[in-house]
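Dear colleague,

Below I hand over the structure we spoke about, followed by notes on what was found in it. Please read the notes with the coordinates open.

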Amino acid sequence: PGSSAINRRSEIAMVAMKKSVAAMKSKRVMVAGRRPEISPLTGKPKRVRQDRGAAAAKMAAKMSKETWLKYQTDSYKKAWPKPDYMAEPRSTVYVRDGGEGAYRDQTFEIVTRWTSKTRIAYRPHAKAPGSKSHLRYEKYAKAKTVGEALKLGSYPIDWCFDYEHGFIKVLGGPIRDEPIDISKVADPKKMDPVDKKVYGWFRKELCKRCGLKKDELVMEASWNETMWQRAHRLLSNRYAQEMLDQAQRTKKAISQQQVLKVLKAWAFGRNFGRLNVMPDGKDWVWSDTLGLLRDRVGDIHVTGPAKRYPAVVQVLNGWLHGILPAEVKDFPWTSINLNCNYAAKRHRDQNNFGASLIAATGEFTGGGLAVWPEDNKSNSLAQLPSAKQVEFDLQENLVMFNGNSAHEVKGFKGERFSIVFFTAGCHAKAESKVKAELTDLGFQVPVSHEKPDKFLRAPAGYPAPKGAEQSSKKTLRSWNIKGLEKKAKAFNSKAWKMVMKPALKKK
């Protein structure tokens with residue numbers, strides 16, 4: 001019995017020692033006799049600053065506090081302002097408390113486009129003497145270019161901090177249109193030190209922010225995606241997959257709020273091809289198409305992003321399946337157009353087949369959809385009677401309209417996403433394997449002989465013939481989204497395919 005008691009005490013001591021070592025490794029150390037404060041965001045202990053040379057830095061300072069204060073006047077602050085976006089509230093925090101990388105998306109977009117020859121100027125004596133940052137800053141603030149700043153000991157994370165605090169001005173020189181992407185570099189060995197440093201740091205930060213591994217950001221040049229897009233689209237797809245799994249498990253419908261979360265995480269592409277919708281003064285818009293598309297050489301296929309991020313497509317399609325009104329339950333669609341933060345000018349779609357469904361989500365005011373339901377292209381866009389336009393609040397309503405008739409988006413303030421479900425005009429020529437891909441993604445593929453006026457009659461033109469507007473068949477339909485979501489059908493991906501596969505067999 002005495003031996004077993006000793007062994008028991010030894011075991012307890014060993015367990016206690018292991019717990020102590022584990023606590024030290026996880027930095028759960030006692031500070032001033034108390035456990036460190038736990039972050040409400042991460043659930044981990046907040047980092048505690050240690051001296052690490054702070055006392056030596058005070059001794060090495062060559063500038064007095066009195067001298068430094070002469071450079072902290074209002075005139076200096078006005079001459080070196082913070083970026084305007086720093087006054088905007090932050091809606092999301094991605095990083096650990098006190099950890100590196102706590103910088104705005106706008107800052108990432110700016111700093112990651114700098115090159116070694118980008119000309120910069122530093123605010124004189126911006127950081128207080130007595131700190132290590134002061135000593136470093138005094139050294140690298142002599143730089144006239146980003147390349148010189150790197151040589152003098154400044155790094156991308158410093159550039160983010162200094163830019164956000166108004167300590168750096170960009171004076172000119174070459175700046176990239178997009179952050180450097182190694183998949184598009186002919187010979188990575190010839191990248192200069194700034195490009196290498198920015199690329200490595202940017203990739204690390206994206207992985208940290210989006211919870212990814214480095215190899216997940218590997219891309220093919222043909223994808224035509226930036227590293228930023230790849231990371232955030234993977235994040236969006238992960239959110240979407242979690243929603244699909246939850247919906248399947250709980251037998252609940254996908255909601256508009258879940259769609260919003262997916263779209264907020266999604267990184268939109270710059271679309272230079274939609275000339276008919278671009279607001280005046282713009283040469284591109286944030287817009288992506290998921291699903292069926294005919295490219296410039298005539299190939300009909302499922303778009304790359306739809307294949308690479310299938311859960312995103314399935315969430316969008318799952319939401320529509322759940323809320324489709326009974327009277328249009330057979331509404332077909334092969335493609336989804338996603339738009340972000342632009343008010344499309346008055347235009348007509350060119351390659352749509354039949355009716356389209358549209359809704360919008362986000363935190364914005366304004367941004368209604370104005371439609372000329374009887375527009376049959378007999379009038380020019382400028383000649384359409386303003387009194388005949390019908391406007392809808394797309395946050396509140398799911399609207400069915402003819403995209404080939406004139407429509408426009410009213411001005412708005414805030415963050416606005418719109419989702420358009422439509423059938424591509426080339427759908428009847430798509431191969432059966434392409435239609436099968438669409439079905440797997442949740443699209444309700446039309447039969448080859450689908451009639452374009454099945455859900456909306458053809459527009460009569462302006463002025464409309466007598467009695468046309470009183471026709472029993474409509475040119476516009478709308479439903480309240482909240483009402484539809486209250487009656488939404490539970491998500492079931494297997495049910496999609498049971499409904500849609502018969503359509504694939506029909507010629």
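At what angle do the axes of helix H8 and helix H9 cross? Before the answer, a caution: this is a predicted model, in which local features need pLDDT of at least 70 and side-chain atom pairs count only at pLDDT 80 or more, while totals for chains, interfaces and linings use all residues. Residues are numbered from 1 along each chain as its sequence is written, and side-chain values use heavy atoms, with hydrogens and water left out.

The axes of H8 (residues 156-164) and H9 (residues 193-210) cross at roughly 80° and come within 9 Å, which makes H8 roughly perpendicular to H9 (65 to 115 degrees, between N-to-C directions on a scale from 0 to 180; the axes are lines fitted to C-alpha atoms over the stretch in contact, and helices are DSSP runs of H or I with at least four residues, strands runs of E with at least two, numbered from the N terminus). In contact here (heavy atoms within 4.5 Å) are Pro156, Ile157, Trp159 and Cys160 of H8 with Val194, Lys197, Val198 and Trp201 of H9.

Lys127 pairs with Asp162, their closest N and O atoms being 3.1 Å apart; because Lys127 lies in the loop between strand E1 (119-122) and helix H6 (132-140) and Asp162 in helix H8, the pair ties together parts 35 residues apart in sequence. Asp162 is buried (under 20% relative accessible area, with a 1.4 Å probe and protein chains only), at 0%.

Best regards

Definitions and conventions: Parallel < 35°, antiparallel > 145°, perpendicular 65-115°, else oblique. Salt bridge = Lys/Arg side-chain N within 4 Å of Asp/Glu carboxyl O. Buried < 20%, exposed > 50% of the residue type's maximum accessible area, 1.4 Å probe, protein only.
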